[in-house]
Amino acid sequence: MVTHRTKTSNSPPQERRFFAQPLSEKSKAPYVAARNAGYKPASSYGADGKFTDPREAISINKWPTSSHASAATLPPILSEARDQIHGFQRQVQAFTTQLLELVALALGLPATTFTRNHNPERENFDNFELMHYPPVAPAGGTGVDTGAGAPSEASSTFRISPHTDWGTLTLLFQSAVGGLEVRPPKYTSPTLSLLTEKWTPAPPLRDNILVNIGDMLEFWTAGKLKSTWHRVVPTAADWKLDRYTFAYFLHPDKDCVLVPMGGMEKEGWVPRYEGVGRTAETHIHTRIRAVHGGKK
Ligand SMILES: O=C(O)CCC(=O)C(=O)O
Ligand SMILES: [Fe+2]
């Protein structure tokens with residue numbers, strides 16, 4: 001799903017300034033698993049727990065204003081931008097509310113089917129993440145794209161390894177450097193075959209926001225909407241470049257339950273992933289443990 005954006009610049013200057021700092025500075029707000037927020041150094045984890053990715057990122061949770069108990073701890077450069085971040089989050093909230101209403105209507109459901117689980121005043125895992133991907137050489141030598149032709153799974157090289165996003169929707173603000181690929185919906189197995197499956201490139205489109213469907217919508221629609229597998233690979237054209245993106249991960253209220261809505265569950269439905277009947281909070285904690293381990 002691609003949607004048009006108007007006023008947001010491609011990469012806020014704070015983003016580059018933040019990542020250019022020494023590790024000791026960036027680590028002043030370290031990642032805290034219970035909040036799913038903070039700085040995650042390069043090569044310290046992988047998107048799906050299977051590979052280790054060279055990407056570094058900082059996650060900012062829903063309340064960057066210090067008046068909230070669960071406010072994100074922000075490192076100095078980003079705390080200067082608190083108001084800007086908060087304003088951006090409010091715009092995202094208004095926009096995603098409309099988007100979720102449209103998704104419900106398109107499925108023939110009442111407009112509030114999904115929005116009633118996304119109360120902006122309640123606790124959730126909403127997460128605004130700034131990312132930096134350092135240059136990485138493609139597998140099999142420079143100038144060769146990685147992917148379906150790679151000789152073995154272990155030798156695959158990613159900027160971010162294949163994964164699905166955990167929340168409801170992800171808004172992806174990509175920079176000019178490409179490499180994002182999505183797994184076409186014809187592949188329905190919960191496990192990937194990196195050696196045979198062909199992925200579809202999703203190059204950055206100027207002034208557009210790319211919207212990914214996340215796990216929650218897959219559970220609520222009994223698989224009618226699929227949580228999209230995606231990855232970022234180094235391409236022949238720009239593997240030497242640093243890549244910056246930012247993403248807004250929209251999450252539902254922590255206590256809502258992941259069961260099909262609006263009578264969408266058909267007899268014989270086999271969920272692709274574990275998690276049906278759990279709360280959103282339990283699902284996210286399970287995902288965090290798989291990626292970051294039990295520590296922190
Ligand atoms: O940087 C991108 O284009 C994708 C990032 C992504 O998939 C993620 O952070 O979950
Ligand atoms: Fe993702």
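How much space lies in the largest cavity? About 360 Å³. The model is predicted: local features need pLDDT of at least 70 and side-chain atom pairs count only at pLDDT 80 or more, while totals for chains, interfaces and linings use all residues. Residues are numbered from 1 along each chain as its sequence is written, ligands are numbered from 1 in the order in which they are written, and side-chain values use heavy atoms, without hydrogens and water.

View 1. The structure holds 1 cavity of 30 Å³ or more (a set of points on a 1 Å grid over the protein atoms alone where a 1.4 Å probe fits but cannot get out; lining residues have an atom within 4 Å of a point). Its volume is the space filled by probe spheres set on the points, which are joined across faces, edges and corners. Among the 28 lining residues, Arg-55, Glu-129, His-163, Asp-165 and Phe-249 lie nearest the centre.

**View 2. Elements of the lining.** Strands E4, E5, E6, E10 and E11 and helix H6 each supply at least two lining residues (DSSP runs numbered from the N terminus; helices have at least four residues, strands at least two). E4 (127-133) gives the most, with 4 residues.

**View 3. The iron site.** His-163 (NE2), Asp-165 (OD) and His-230 (NE2) coordinate the iron ion (ligand 2) at 2.1 to 2.2 Å (donors are N, O and S atoms within 2.8 Å of the metal, or 3.2 Å for Na, K and Ca; water is not among the atoms, so sites may look incomplete). The donor spacing along the chain is H-x1-D-x64-H. Asp-165, in the loop between E5 and E6, and His-230, in strand E10, are 65 residues apart and link distant parts of the chain.

Notes
On a 1 Å grid over the protein atoms alone, a cavity is a set of points where a 1.4 Å probe fits but cannot get out, and a pocket is an open set with protein on both sides within 12 Å along at least five of seven lines; lining residues have an atom within 4 Å of a point.
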